[in-house]
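These are my notebook entries on a single chain, kept in the order in which I looked things up.

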Amino acid sequence: MRNDNRNYDYSGIPANRRPEYSKIISLLETGSKVLDLGCGNGLLIEAMQQEKQCQCKGMELSESGVEICRQKGLDVISGRIDETLPYGDNEFDVAVCNVTIQMVMYPEKLLAEMKRVSRYQIVSFPNFAYFINRFDMLFNGRMPRRMLFGYHWYNTGHIHQLSVRDYDELLLAVGGLQKKRKLYVSAGFKLIDLLGGLFPGWFRKTVILETVKE
């Protein structure tokens, strides 16, 4: 099946900076020790190193992603990020998981491990309760494809879709974390961004949430 993203192949993906990178980097202190979980082809690691002189390590499941990172000289290992991580308690200042938590089998284990290895946690995710998704499901009666980035429900790696409220529930389930700062990626339309300030659960497409270990 050609149109399938369950096994990411980063060799054919353009090296384009994603819009959430600047938001994530704005939350970092210069020189922080950062662990990037689900680091893909290492573009965010490169940006964190260049712009905030962070000491970065990464972990990625995709073989092509790991290979590209290593070709760049980045400190990245292969492995699942929703299992016990091969790092010590409080080894990092910050653990980052950028638009990947919805793609792992055990999101609660991922977040618990982020809490264990770092003081601060930054998680970004696509808000599946975005208003376009709601209308798509209401009027078409099927899984919304816009937030699946053109894939079908059966051939996407996005296996645990979540909303802003769902993530709040996950924080409570994991425990020991306090919300510190919340940022959003602009939708590119002033009206939608304005409505997002009033009703984030409806009108924020990508959420970036920073937590701190209690």
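Predicted model: local features only at pLDDT ≥ 70, side-chain atom pairs only at ≥ 80, totals over all residues.

I began with Q53, which I found to be partly exposed, with a relative accessible area of 46%; I use buried for under 20% relative accessible area, exposed for over 50% and partly exposed for anything in between, with a 1.4 Å probe and protein chains only. Q53 lies in the loop between α2 (43-52) and β2 (55-60), where helices (H or I, at least four residues) and strands (E, at least two) are DSSP runs numbered from the N terminus. Setting aside its neighbours within four places in sequence, I listed T30, G31 and M48 as being in contact with Q53, contact meaning heavy atoms within 4.5 Å. A polar atom of the Q53 side chain lies 3.1 Å from the backbone oxygen of Q50.

Residues are numbered from 1 along each chain as its sequence is written, and side-chain values use heavy atoms, with hydrogens and water left out.

Next I turned to E210, in strand β7 (residues 206-213). E210 is buried, at a relative accessible area of 2%, and its side chain makes a polar contact of 2.6 Å with the side chain of R181. By polar contact I mean a pair of N or O atoms within 3.5 Å; within protein, one must be able to donate a hydrogen and the other to accept it, and residues adjacent in sequence count only if both atoms are side-chain atoms. Beyond four places in sequence, the residues in contact with E210 include L27, Y120, I122 and R181.

How many disulfides does the structure hold? I found zero, a disulfide being a pair of cysteine sulfur atoms within 2.5 Å. The sulfur of C69 has its closest cysteine sulfur in C39, at 4.2 Å, which is too far for a bond. For C97 the closest cysteine sulfur is also in C39, but at 10 Å, again too far for a bond. C69 is buried at 0% relative accessible area, and C97 is buried at 1%.

C69 took me to helix α3 (residues 63-71), whose buried residues are S64, G65, V66, I68 and C69. The cover over these buried residues includes β2 and β3, and just after α3 I noted G73 with a positive phi of about 85°.

I then checked positive phi elsewhere. Most residues other than glycine have a negative phi. N90, not a glycine, has a positive phi of about 55° and lies in the loop between β3 (76-78) and β4 (92-98). V99, in the loop between β4 and α4 (107-117), has a positive phi near 40° and is buried at 16% relative accessibility.

For salt bridges, I counted a side-chain nitrogen of Lys or Arg within 4 Å of a carboxyl oxygen of Asp or Glu, and the structure holds twelve. R80 pairs with E83, the closest N and O atoms being 3.0 Å apart; R80 is partly exposed at 33%, as is E83 at 40%. D89 and R116 meet at 2.8 Å, N to O. D89 lies in the loop between β3 and β4 and R116 in helix α4, so this pair ties together parts that are 27 residues apart in sequence. D89 is exposed at 55%, whereas R116 is partly exposed at 22%. D136 forms a salt bridge with R142 at 3.4 Å between the closest N and O atoms, with D136 buried at 12% and R142 partly exposed at 38%. Salt bridges that share partners also join D89, K109, E113 and R116 into one network.

D136 is one of the buried residues of α5, along with F131 and N133, and what covers them includes α7 (190-198) and α8.
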